[in-house]
Amino acid sequence: MDSRTVHGWVCNGKDQPLVWSEQPRKTFDEDTVDLNITHCGICASDLFTLDSGWGKTDYPCIVGHEIVGVVTRVGKNVKNVQVGDRAGVGAQCMSCLQCHPCQHQHENLCPDMVGTYNGRWPRTNERTFGGYADVWSGHYNFVFKIPDELPSEVAATFFCAGVTTYAPMKRYNVNSQSVVGVIGIGGLGHFAVQWGKALGAKVVALSHSDRKREDAKKLGCDDYFVTGEKESLARARQSLTHIICTSFGNNFDWGSILGLLKPGGVFIMVAIPSSNLTDIPPIFVPRQLTLAGSCIGSPEEIREMLDFACKTGVRPWISKYPMTEAPEAVQAMRDGKARYRFVLEN
């Protein structure tokens with residue numbers, strides 16, 4: 001195989017099937033890390049991108065941004081990993097490295113952030129391709145050595161679902177005095193529950209049905225509220241210090257949900273709405289609520305998260321599919337069958 005070729009599951013257009021084929025690999029330079037991919041988690045972001053759900057996708061596209069593999073080659077400037085290491089990559093593969101956020105360890109907030117797929121490499125304008133593939137190449141600043149305590153298939157899902165929930169919970173000081181509501185017990189939400197417990201908080205599930213009550217209990221939830229039942233929500237009124245929203249629909253009842261927060265509480269949005277937010281009541285003003293957004297996490301937060309997971313035992317619930325069955329795994333994800341993360345394995 002040509003060392004500068006990627007073989008992967010390519011989507012050539014909206015509503016087109018995934019096809020195993022070749023694409024050109026990133027040009028190697030002295031900042032590059034080459035990986036042989038062993039595992040890649042499946043994220044809802046992959047589906048939105050395949051479907052042009054967040055604007056028109058730059059097809060052809062290979063999705064997947066929960067990548068783990070073995071380092072096969074590094075450029076002369078690479079010091080954080082070496083050939084033979086297990087390493088991971090998340091949703092970001094590049095930033096300008098020069099702006100104020102980049103210079104203050106907030107590369108995920110860079111206005112020139114480049115996604116691990118559906119992006120373009122600076123200077124060369126080559127497409128970025130993700131982890132539903134055999135190999136990956138990218139800049140060392142966004143590559144992370146995997147701790148020995150984390151098996152590769154387990155480590156993969158930390159790089160998007162894990163850090164997307166960990167980073168804001170640390171940033172907004174979730175601790176032993178906190179009561180955290182988690183909206184959506186899914187790929188992100190099942191991490192959020194575990195992070196909350198590991199940080200010492202009381203954690204409650206906020207779900208649209210009773211279906212995941214037992215799973216929530218196994219994950220560590222202290223209580224469970226059905227968001228569509230007024231009697232259930234009444235028990236939780238003004239009891240939460242934080243809400244982390246991992247699942248968002250167009251019929252979102254802002255008034256009821258914000259009513260669950262104590263004065264001074266924090267609502268954290270990590271789901272990416274597909275349309276503008278509307279019908280937010282003004283109660284957040286007199287009750288001094290914070291409405292916050294959070295986008296993945298910085299490289300520093302990723303390293304901190306991996307260390308924290310090793311110390312506390314936070315682990316995803318995963319099911320594996322062979323990489324050869326990626327189309328079937330994607331369909332199972334669309335059908336809502338993940339409990340709670342699918343991982344592709346080469």
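At 33% relative accessibility, arginine 213 counts as partly exposed (buried means under 20% relative accessible area, exposed over 50%, and partly exposed in between, with a 1.4 Å probe and protein chains only). Arginine 213 makes a salt bridge with aspartate 210, the closest N and O atoms being 2.7 Å apart. This is a predicted model, in which local features need pLDDT of at least 70 and side-chain atom pairs count only at pLDDT 80 or more, while totals for chains, interfaces and linings use all residues. Residues are numbered from 1 along each chain as its sequence is written, and side-chain values use heavy atoms, leaving out hydrogens and water.

**Salt bridges overall**
- The structure holds 17 salt bridges (a side-chain nitrogen of Lys or Arg within 4 Å of a carboxyl oxygen of Asp or Glu).
- Arg4, Arg25 and Asp34 are joined in a network of salt bridges.

**A pair between strands**
- Lysine 320 and glutamate 345 form a salt bridge, with the closest N and O atoms 3.3 Å apart.
- Lysine 320 sits in strand β16 (residues 318–322) and glutamate 345 in strand β17 (residues 341–345), so the pair ties together parts 25 residues apart in sequence (strands are DSSP runs of E, at least two residues; helices are runs of H or I, at least four; both are numbered from the N terminus).
- Lysine 320 is partly exposed at 44%, and glutamate 345 is partly exposed at 28%.

- Aspartate 51 and arginine 334 meet through their side chains in a salt bridge (2.8 Å, N to O).
- Aspartate 51 is in the loop between α1 (44–50) and β4 (67–74), and arginine 334 is in helix α10 (residues 326–334), 283 residues apart.
- Aspartate 51 counts as partly exposed at 25% relative accessibility, as does arginine 334 at 37%.
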